[in-house]
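Subject: The two-chain model, with notes

Hello,

Here is the structure I promised to send over.

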Amino acid sequence: MAKYLVWSLACVLALAATAFAEEAITIGLLSDLSGPTSAVGAPYSEGIKDAAKYINENGGIAGKKVNLVEVDYAYNAQQALAAYKRFISQDKIVALQGWGTQDTEALTKFVGKDQIPTLSASYSAHLTDPEKAPYNFFVAADYTTQIRAALKYFKDNWKKSEAPKVAFVYPDHPYGLAPIAGAKEYAKELGFEIVGDENVALNAMDAMAQLLRLQKLAPDYVWIGGTTPSAAIIMKDAQKLGFNTTFFCNIWGVDESLVKLAGDAANGTYSLQTAVVYGQKVPGMAAIEKMTGGTPKMTHYIRGFASMLVMAEGLKIAAAKGELTGPAIKEALETLRDFDPMGLTPPISFFPNDHRPNMSVFIYKVEDGKMVEVAKESLERKAEWLGK
Amino acid sequence: MHGQCGLFFRTYAGEARIFPSRFLLVSMGLFGAVLCLAPLAMNNYLVSVLCLINIAVIGAVSLNLLTGFCGQISLGHGAFFGVGAYAAAYLASLGLPFLAVLPAAGLVTAAVGMFFGLPSLRLKGIYLAIATLAAQLILEYVFLHWDAVTGGSSGMAVDPPQVLGLAFDSDVKMFYLTLAVATLSVLCVRNIMRTRLGRAFVAIRDHHLSAEIVGVDLFAYKLRAFGISSFLAGAGGALWAYYTMYITPEQFGIGLSVSYLAMIIIGGLGSVLGGVFGAVFITVLPEFLNFVAQHAGALFTDISGALLAMKEGVFGLVLVLFLIFEPEGLAHRWRLVKAYWKLYPFAH
């Protein structure tokens, strides 16, 4: 008798489980929690998970809950591929939250073929061209747009009569190289004098040789395209050499951990961000502070949060129109016009032939170990910049 | 069915047969049949893991030929794999059909592999390992900077392969394609090891001076080992490019080379079967750990995050434990299991 009871209970539970599964909207989440980019990957994925929780607590999407299925792929293309196949065939996901260059690019063709809208944190400009990557989206201005915005800001605030000199320091790596050609072209157009290029690897232990060469060229501005550890090395070595210049760093080069790594040397560095920092007065911050119990989070967390909010908006529009399918969600995302993810990022718009979310970049400056907002620079959405 | 409880070969040819007993032939046939039917009972995820295993088998068996049989350590195998992938992507973009691209990618990689194998005349052991590491770094640089051919940092897109008008655009179809190439590679290496060429490789590995004294031209044979091994790696890389449909320089980093070395060490150096076992083990282990993390997470929600983050550590730990308790690899354990059942119940 007891055996039958157990069996029938198990059946009821199984039915309940499937019923729940039908009610939920399943989204795949590829995170790097243990691989080389985990220092920033873990807070980003935490932001996504907290945003999903926030959405579920506030009525979900068309009455359904968002169900995130997370896989830690350790920044390995092969594991990302296997995880993606599992998402598609077992979990039946309708959309994907991806992470870095390695997984996003390895999956570009797959998500296009399987029609899975993907939001990721790989901001290479070539992913914004729907002809090449029809199902890829992200919520930050691409890497090249970020540099362009900073160059424009510096040029607008340039008081001297001679042309400002700019140099580029970046790792010889797909991520470091991606924006350089476009940035140089724009720098020339604005009237900058490009004085030099140097390579500093992501895992560099020192950058003295490169900085000594650069110091002789006396650039007014130096772009650092790396991650916080390499950016910190460059800043500390520059301080030791007494190299007086203005550094500006891309989105992965400055965050809350830079000050701990570089100390005083970080002061005066400009940081290009596409989301607000923790504690800034925007409508969404109250929700985030409530979710996190007031414990400060990195800016990557906030971008993850915003990425999930934007995806949720696409899901809501698609759900209101009918069935939640990949093409419907993609179409819904492409109707977004100046959608505001609670002030966490500049307004987001996607177009069927242009997946650049916006052309706006927040420019922060590190002052006394804190990131202080100094400007918001918006560029024109020029067609010739798409994908470059 | 009775197996012989000892070696009773009466001819050299008999000893060198691929399937020395009918039992083995039949069981391998059955295994092949089960493998071919497997996708019918599997979802796409499991089939895709099988595809990844097939591709890894090609890489591991080819590295085992070079390192396990010929004793030439290579830390550049991941990059050779990449050369195959880029060669395939480039040739396919020129409009060449798959059946021409696959061997051509292999030939291009063989040429590159032999070029980087040139120092093997002068260098041995750890020195050669560093020379091949240099190959890895140089090739990675080429992938990233030869924009006109490799697409630079943006990478290259590849369309699914077509053979005689049939497009291999699903996991199941790719499974049969990769299985066919993997089987051919395994048979090819197995057969090479039965020939003069294979015996020369083993002689070089065991003692290069003795090998030279019995008439093995060290340089020529070492180069051949590099050539054949890179050819197969190139074919594997080509399949990887066709399977993922998008390749970037990051995919062929030093991590891939190390993972192939791990495969042959865990599977068993100097054994064709070892390469296969190692490829299966290394490919399946992260999936298995993910599975455990996810299901443990469903039971104890709070620890799922911690388990996911510990995954890489567990992966490393498993490898270390393996090296301590099974230093001769899975192939050796397999031989012991076979021996045990052959003599059962009379163990002595």
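Helices (H or I, at least four residues) and strands (E, at least two) are taken as DSSP runs and numbered from the N terminus. By that scheme B:A157 sits in strand β1 of chain B. Please keep in mind that this is a predicted model, in which local features need pLDDT of at least 70 and side-chain atom pairs count only at pLDDT 80 or more, while totals for chains, interfaces and linings use all residues. Residues are numbered from 1 along each chain as its sequence is written, chains are lettered from A and ligands numbered from 1 in the order in which they are written, and side-chain values use heavy atoms, with hydrogens and water left out.

Where the chains meet

Let me begin with the interface. Taking contact as heavy atoms within 4.5 Å, 34 residues of chain B touch 31 residues of chain A. The size of an interface is often given as the accessible area lost when the parts come together. Here chains B and A bury about 3,000 Å² between them, with 58% of it on carbon and sulfur atoms; buried area is the accessible area (1.4 Å probe) that two parts lose on being put together, summed over both.

Across the interface of chain B and chain A the rule finds 2 of them. B:D171 pairs with A:K85, the closest N and O atoms being 2.9 Å apart. The side chains of A:K109 and B:D159 also form a salt bridge, at 3.1 Å from N to O. I use buried for under 20% relative accessible area, exposed for over 50%, and partly exposed for in between (1.4 Å probe, protein chains only). B:D159 is exposed because its relative accessibility is 53%, whereas A:K109, at 22%, is partly exposed.

A:K109 also turns up beside B:A157: leaving aside neighbours within four places in sequence, B:A157 is in contact with A:K109, B:M245 and B:Y246. With a relative accessible area of 44%, B:A157 is partly exposed. B:H208 is 51 residues from B:A157 along the chain, and their C-alpha atoms are separated by 44 Å.

Salt bridges within chain A

Over all chains the structure holds 18 salt bridges. One of them joins the side chains of A:E46 and A:K297, with 2.8 Å from N to O. It links distant parts of the chain, 251 residues apart: A:E46 is in helix α2 (residues 38–57) of chain A, and A:K297 is in the loop between α11 (283–292) and α12 (299–321) of chain A. A:E46 is partly exposed, at 29% relative accessibility.

A:K184 and A:D197 form another salt bridge, their closest N and O atoms being 2.8 Å apart. A:K184 lies in helix α7 (residues 180–190) of chain A and A:D197 in strand β7 (residues 193–199) of chain A, so the pair ties together parts that are 13 residues apart in sequence. Shared partners also join A:K152, A:D156 and A:E377 into one salt-bridge network.

A helix pair in chain B

Helices α9 (residues 196–206) and α11 (residues 218–244) of chain B have axes that come within 10 Å and cross at roughly 110°. These axes are lines fitted to C-alpha atoms, for helices over the stretch in contact, and angles run from 0 to 180 degrees between N-to-C directions. From α9(B), the residues B:R196, B:L197, B:A200, B:F201 and B:I204 meet B:L218, B:Y221, B:K222, B:R224, B:A225 and B:I228 of α11(B).

Some backbone spots to check

A:Y75 is not a glycine, yet its phi is positive, at about 55°. A:Y75 sits in the loop between β2 (65–72) and α3 (77–91) of chain A and is buried, at 14% relative accessibility. A:K92 is another residue other than glycine with a positive phi, near 50°. A:K92 lies in the loop between α3 and β3 (95–97) of chain A and is exposed, with a relative accessible area of 57%.

Best wishes

How values were computed:
Salt bridge = Lys/Arg side-chain N within 4 Å of Asp/Glu carboxyl O.
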